[in-house]
Every structure is written in structure tokens, then in C-alpha cells.
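Open the model and follow along.

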Amino acid sequence: MYSAKTIADICKGEISGTGSKLISHFLYDSRQLQTTDEVVFVALRSNRNDAHNYIESLYNKGLRCFLVEMHYQVPSAFQDACFIKVPNTLTALQQIAAYHRQQFSLPVIAITGSNGKTIVKEWLYQCLKQDYSICRSPRSYNSQIGVPVSVLNLEAHHTLAIFEAGISQPNEMERLAEIIKPDIGVFTHLGSAHNEGFQSQEEKLSEKYKLFATAPVLVTRANIGINTSNKTLLYAEDFLNLTEALPFQDESSKINAAICAAVLFHLGYEVEEIKKRLANLQAVAMRLEIRTAVQNSLLINDFYNSDLDSLRIALNFMRQNSRRRRNCVILSDIEQSGLSAAELYKRVQVLLSQQKVDLLIGIGEEISKQEKTTNEFG
């Protein structure tokens, strides 16, 4: 949690209005407003939209803290709100995330490459979640906005972090590298994605490699043909023999699993244990499944991801597509969250309340024990 003054100091901003606000959540999409407590809205601009246009609507919903650009003229009627004015809100968001990252000494894994980033991240999570409390990028949050939003999810209970980073043109990766500051770098593959943004494959490789500038360890598919003399190198091709029991036998899956094996080996896992964990890998659902169900209902299925961040994303999606329907959530136990059961399901209860869930059906021993916490949903 940060004070508005601390946020302003981090990004060299100025405070207008009431500056005593406390901030623990950064909202960048006005449609995803869940609560107004300890929330700052980051008014980002793009070629197609300007989020400053949504400030009045959010103010009318009770939000009272905004990160805006210097040009924004604060309405006289909004003087009970806090406005942190900065030259560029995206740069400010990235600066805040970089500052937040520096408050943690846990190991951080950064993943980039033309493809395979999300699968490798999710498979590493599957392999390591029983031993670590992991903060990871939600879904494919790997952009100039997605990376800082992911890093800002770091909390005191986390013991490991895994973040994706993707770029589409030169001079983007330096910003992401400064935010993530990885201890272990993972380079999945250099393919044709985003070729139009670079003059050559060599330039694209050089730009992506900037993510690993300060990482002492680098895992790659094979020798990537760039100077890595200052790093400990592990090549996925040397670990392919550990993927024999992998449930997926296509070449891409084997390589992605071998990358995971190399990371586990570096973290100190024995070969037989690595084989065992690779053999238990599950397919990664890359998107929410949406089905039209009985009685004209809408079924939103997120059967693979089971953590607070994924639940928050699914609930936001449900609210945006509910069309005034009654909202029911079927939720199984959330495992390896790093939180006590009481704290975990207290947070779940808050999410469900914020999204106006009408009925919760809990499946599992732990969530059933929390009946007193969740029984208001039926």
C-alpha cells in the first residue's frame, strides 16, 4: 500500500486536490471497477482512446483517486478527490511498478520469445506451485501495460515470481527489463511474430535479449548466437531426454517442457523429480470458454486457471456479459495461494460481493469449511 504522496514522488508528479489517499490497487480499465477503496484510476492514452474521458463517470461512482496527465483540468466540483498529475501516465505506471518490484528480494523469472511464453509460464507454475507461493502474469499480460500491472500484484506472501514480456518494435524492452529485473531469463523461440516492427531477425533478437541484461542465468532453446559470456547458460535441448513421459508428444510441447526442465534443474530439483513433474503437466487453456447453456443462460468456463487473479478476470468478464442475468459462480478449492484459508476466502468473498454474485456453489473441502464466510451468496 502506498500513499498518494509516495506515488507522486516515485513518478515526479504533482498532487491536486485531497492528497491523503492510500493506494493498493491500480485500475486502468474503467469497465473493471470493482471497489472504490484504495484504488487509483490510471488515465492512459492511446491512438484510439483517452481514458481521461472516463474520469467523470468513475467520480460519479465514488472513486476519488486519479493518476492523470498534466494537461487534464480538474473540475472545480472534484476538489474532494486526489489527482496525481504526471507528464505521461504510462511511464508513471511503469515507474511505480519498477519501484514496487524493488521492494522484494524473491527470485524472479522473466520469459520472452516470439511464441510459447504463456505456455512455459503456466507449465513452470504447475511444476513449482507446491513449493512456492507464486506471483505470475495473468494470462498473456506481457505488454507495456500488462507487465507493470502484473508486477504490481506482488505481495509479501509471494516467494517466486514469473513474468512474461513481449515487444512489437525496438526500444520497448528496456522499460520492461527495468520493471521486472529478472534473476532467471527464459528465451523460448525466435519466430516471425511482429517481424513488421523490426528491420531484421537480428535486430528483433537483440531487442528481446535486452530483457536479460542483468539476469545472471539464461535458459534458451539452444545457442541463440548472441554474446552471453557473462551468464550461466542452460540449453533446453540438453534436457529433452527428461520429457519422455510428457503427456504431449508434439515437438513444440517437448521443447517448452524441456525449457521448464532446465529452469527446475537450475533451482536444484533432482532429475527424477523433474521427470515426475513434467509427466503431470496439464494442457493450458489460453482463453475463457464461453457456451450458451440451458434456459438461455451463458456459461463462462475457466476450468484450468484457479487463483485469485484468474477469478478476478473471469468475474469481470461475467459482469460485462451478464445482460442483467442472475450471476452464479461454481468454485472449487483454490490451491497453493500462499495465503491462509481464512485470508484467501475472505478475499474471494470480497470479489464475489463486488461483482454482485447471486449464488456461490463451493466444491471442495477447504471452501466448504468457509461456509460462514460465503453463505450470503446462497
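Strand E8 (residues 108–112) and strand E10 (residues 160–164) run parallel and are joined by 4 bridges. Val-108 has Ala-161 in E10 as its bridge partner. Strands are DSSP runs of at least two residues (E), helices are runs of at least four (H or I), and both are numbered from the N terminus. Two strands pair if DSSP finds at least two bridges between them.

This is a predicted model: local features need pLDDT of at least 70, side-chain atom pairs count only at pLDDT 80 or more, and totals for chains, interfaces and linings use all residues. Residues are numbered from 1 along each chain as its sequence is written, and side-chain values use heavy atoms, without hydrogens and water.

Now widen the view. E8 and E10 belong to an open sheet of 6 strands, in the order E9-E10-E8-E11-E12-E13. The pairing is parallel. Which strands are at the edges? They are E9 (134–136) and E13 (232–235), each pairing on one side only.

Next, the helices. H3 (residues 89–101) packs against H6 (residues 173–180) at an angle of about 30°, and their axes are 7 Å apart. Axes are lines fitted to C-alpha atoms, for helices over the stretch in contact; angles run from 0 to 180 degrees between N-to-C directions. Contact means heavy atoms within 4.5 Å. On the H3 side, the residues include Leu-90, Ala-97 and Arg-101. On the H6 side, they include Arg-175, Glu-178 and Ile-180.

Finally, find Ile-363. This residue lies in strand E17 (residues 359–363).
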